[in-house]
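User: I have a chain open and want to go through its fold with you. Can you take questions as they come?
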Amino acid sequence: MNKTIRRAAVFTLLLVLSLLIRATWVQFYDGRALADDKNNRRNAIEQYANPLGNIIVAGDAITGSTQTKGSDLRYKRTYTDGSLYAAVTGYSSQVFGATQLEGIYRNLLDGTDDQLKNPLDTVTGKRSDPGDVVTTIDPAVQKAAYEALGDKKGGAVAIDPTTGRILAAVSTPSYDPSLLSSGDSAAWKRLTKDADKPMTNRALRQPLPPGSTFKLVVAAAALEDGLYPDVDTRTDSPNPYTLPNTTTVLKNESASAPCANAPIRVALQYSCNNVFAKMAVDLGQDKLRAMAEKFGFNDTSQDVPVRAYPSVYPPDMDKSSTALTGIGQYDVTATPLQMAMVSAALANGGKLVSPHMVAQTSDAGGNVVRNYDDPTETKEIVSPSTAGQLRSAMRTVVEEGTGTNARIPGATVGGKTGTAQHGENNSKTPYAWFTSYAKSDSNGKEVAVAVMVEQSDAARSEVSGNGLAAPVARAMMQAALKG
């Protein structure tokens, strides 16, 4: 064969091979990436070509789908009581994507989840009928929290301590996810620019200083460590208490409260800062951090299944900073979910059942795809003795102390108030907290709650956990305990 022809043939063959390799690469690698690209319009067209599956609360769908007009996206998402449930559902938008349960279960809700496919669908690539997400939310508790928070800026969570089911997750101010379904850019701009941040999930995703509610964690550490044998033993707590290596005197809310060397029960009843600051120093930051982490602090993978922002107990502190963590200040932060988990563990004999707000997912025929209720992970946080003593002390707080607004006739209620400083030298309005548990005397139902009020119309002097947060908790507990 002519040498020139042979070279041309080899070159041509190499070109063909290169084209085949490139075509294969595009089809099996770049093709997958292009298909998954969020800017690929075909994905949105396919996702909204049919009605989506639904998110279910107490047997009723709180979502739906409606046909559009004049769009290549045939259906759009609708919401029933959208503002009430926004902290649970998130949104599903033709333009802005999907968040929270809508985002986590997107494939199940649009029928592309492999768990929905039968063997024939797997072979043919046929799209399955969409599935549903069944939540643990109790609509009565959700509504009670939403209405009690009203125009306050805050968040609230209720948990069944025996099962870990999240009965309510509320954030205010809220927003209607329906406004975003069709990709209304004006609505998106208005919501994202709003100074009150209505799209922030304050129940799960905005950790703030928990103030004196954190004293429950400090007390748990002291009892478990043996620093004090019980909640009625007098502590070594001078009043006034000067922060170590400083000249700063830590004040109590009430100068007349019997806080000098007060037992844990009395210190919780009157929320004595001197007792818990000194206790934090005596225990040391390592022991406090270990106890906080047992309750769930510093957990960067807390999924319920929405990923909660981690609540934080800080590292590498001096003694004066450690003292401030003892009263839930310095760099300690917590979400309402986290503080509800603290009360839930104490209410459940020291055992924390993994909190979750999805009971199960199901296919179009109602068959269970995955059950999240059973089994659930349970961890022993503190001993039954420690849990029982702290429940008793929390009852004293509600019956005789700073948490009287949480009393419920016909129920055993225990709680802890918190008023966390905000701003340099406490120059801004404090955060009001309340965490509690309740058990019905008649039907045995139980619930644990936490409420955080970030901002309200109340005068600064009237901001307190008992004044602002406890009434919200009471409304939630009453709704949860009804037979």
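Analyst: What follows is a run through the chain, from overall figures to single residues.
This is a predicted model, in which local features need pLDDT of at least 70, side-chain atom pairs count only at pLDDT 80 or more, and totals for chains, interfaces and linings use all residues. Residues are numbered from 1 along each chain as its sequence is written, and side-chain values use heavy atoms, with hydrogens and water left out.

User: How many helices and strands in the chain?
Analyst: The chain has 17 helices and 18 strands. Both are DSSP runs numbered from the N terminus: helices are H or I with at least four residues, strands are E with at least two.

User: And what share of the residues is buried?
Analyst: Of 483 residues, 49% are buried. Buried means under 20% relative accessible area, exposed means over 50%, and partly exposed is in between, with a 1.4 Å probe and protein chains only.

User: What percentage of the contacts join residues at least 24 apart?
Analyst: The figure is 68%, taken among contacts between residues at least 6 apart in sequence. A contact means heavy atoms within 4.5 Å.

User: Switching to helices. Is helix 12 buried or exposed?
Analyst: Helix 12 (residues 273–283) has 10 of its 11 residues buried, so it is largely enclosed by the rest of the structure. Among the buried ones are Asn 273, Asn 274, Phe 276, Lys 278 and Leu 283.

User: What covers them?
Analyst: The cover includes helix 10 (215–225), helix 11 (264–270), helix 13 (285–295) and helix 14 (319–325), along with strand 10 (241–242) and strand 11 (249–250).

User: Which residue follows helix 12?
Analyst: Gly 284 follows helix 12, with a positive phi near 90°.

User: How do strand 1 and strand 2 pair?
Analyst: Strand 1 (residues 55–57) pairs with strand 2 in the antiparallel sense over 2 bridges. Ile 56 stands opposite Ala 61 of strand 2.

User: And how many bridges between strand 13 and strand 14?
Analyst: Strand 13 (residues 358–362) and strand 14 run antiparallel and are joined by 3 bridges. Gln 360 has Asn 371 in strand 14 as its bridge partner. The hairpin of these two strands has 5 residues between them, and Gly 366 there takes a positive phi near 85°.

User: What is the phi of Asp 316?
Analyst: Phi of Asp 316 is near 55°, positive although the residue is not glycine. Asp 316 is in the loop between helix 13 and helix 14, and is exposed, with a relative accessible area of 73%.
Asp 81 also has a positive phi, about 55°, and is in the loop between strand 4 (75–79) and helix 3 (82–89).

User: Last topic, cavities. How many of 30 Å³ or more?
Analyst: The search of the whole structure finds 1. The largest cavity holds about 60 Å³ of space.
On a 1 Å grid over the protein atoms alone, a cavity is a set of points where a 1.4 Å probe fits but cannot get out; lining residues have an atom within 4 Å of a point. Grid points are joined across faces, edges and corners, and the volume is the space filled by probe spheres set on the points.

User: What lines the largest cavity?
Analyst: The lining includes Gly 296, Asp 299, Tyr 309, Thr 335 and Met 341. By class, the lining has 5 nonpolar, 5 polar and 1 charged residues. Ala, Val, Leu, Ile, Met, Phe, Trp, Tyr, Cys and Pro count as nonpolar, Asp, Glu, Lys and Arg as charged, and the others, Gly among them, as polar.

Definitions and conventions:
On a 1 Å grid over the protein atoms alone, a cavity is a set of points where a 1.4 Å probe fits but cannot get out, and a pocket is an open set with protein on both sides within 12 Å along at least five of seven lines; lining residues have an atom within 4 Å of a point. Two strands pair if DSSP finds at least two bridges between them.
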